[in-house]
Amino acid sequence: MRDNIRLATASDSDACLAIYEHYVRKTMISLEIAVPTREEYRARVEDILDSGYPFLVCEREGEMVGFAYASRMMNREGYKFNASLSVYLAENARGAGLGRRLYACILEMLREQGYCNGFAVITLPNDASVGLQKAFGFREIGVHRRTGYKFGRWC
């Protein structure tokens, strides 16, 4: 079984949304309350692609099993060398190192583009994401408590 990691195109947005939908409906990992429409999600993907940030997808035997992307961290010009990082995996693709492979590719692309810092915002608890960040040398710089509300509770 071989994974094919490649640059995303706007036509990948439906497959990415199919993976992301789980995180919206079933987890606190995404603090979105409603699943974005196909049009909304395609616009998000296009915005990231148009901005020049890397957006990668991974296919396994013709099926989308994960994606990762970088995006603008903050809007001020002085933050232009920073990027926010996200990775989402299909349920059947977790725990096999795919997140690490996607992250390694994204981080290398960001380095080549001249970015200096990558940041991940993680809703806790999320041991898998915390472990992924630590594996790449990320360190905790702060915890926002009771800033997100979903499923009738604060995180």
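Colleague: What makes β4 and β5 a pair, and is the sense parallel or antiparallel?
Modeller: Two strands pair if DSSP finds at least two bridges between them. β4 and β5 have 3 bridges, in the parallel sense, so they qualify. N82, for one, stands opposite N117 in β5. Bear in mind that this is a predicted model, where local features need pLDDT of at least 70, side-chain atom pairs count only at pLDDT 80 or more, and totals for chains, interfaces and linings use all residues. Residues are numbered from 1 along each chain as its sequence is written, and side-chain values use heavy atoms, leaving out hydrogens and water.

Colleague: And what makes β1 and β5 edge strands?
Modeller: The sheet is open, with 5 strands in the order β1-β2-β3-β4-β5 and mixed pairing. β1 (3–7) and β5 (117–119) each pair on one side only. As for the word "strand", that's a DSSP run of E with at least two residues, while a helix is a run of H or I with at least four; both are numbered from the N terminus.

Colleague: Why is β3 called largely enclosed?
Modeller: Buried means under 20% relative accessible area with a 1.4 Å probe, protein chains only (over 50% is exposed, in between is partly exposed). In β3, 8 of the 10 residues are buried, so the rest of the structure largely encloses this strand.

Colleague: How do you know that the span of α1 agrees with its residue count?
Modeller: The expected span is 1.5 Å times one less than the number of residues. For the 14 residues of α1 (13–26) that gives 20 Å, and the end C-alpha atoms are 20 Å apart, which agrees. There's a bend of about 30° at I19, meaning the angle between axes fitted to the seven residues ending there and the seven starting there.

Colleague: What makes a group of residues a nonpolar core here?
Modeller: They must be buried Ala, Val, Leu, Ile, Met, Phe, Trp, Tyr or Cys, joined through side-chain atoms within 4.5 Å. The largest such core has 35 residues, and F55, F67 and L110 have the most contacts inside it. At least two of its residues come from each of α1, α2, β2, β3, β4 and α3 (98–112).

Colleague: Which residues does L110 contact, beyond its neighbours within four places in sequence?
Modeller: Contact means heavy atoms within 4.5 Å, and for L110 the partners are Y53, P54, A70, A83, L85 and Y115.
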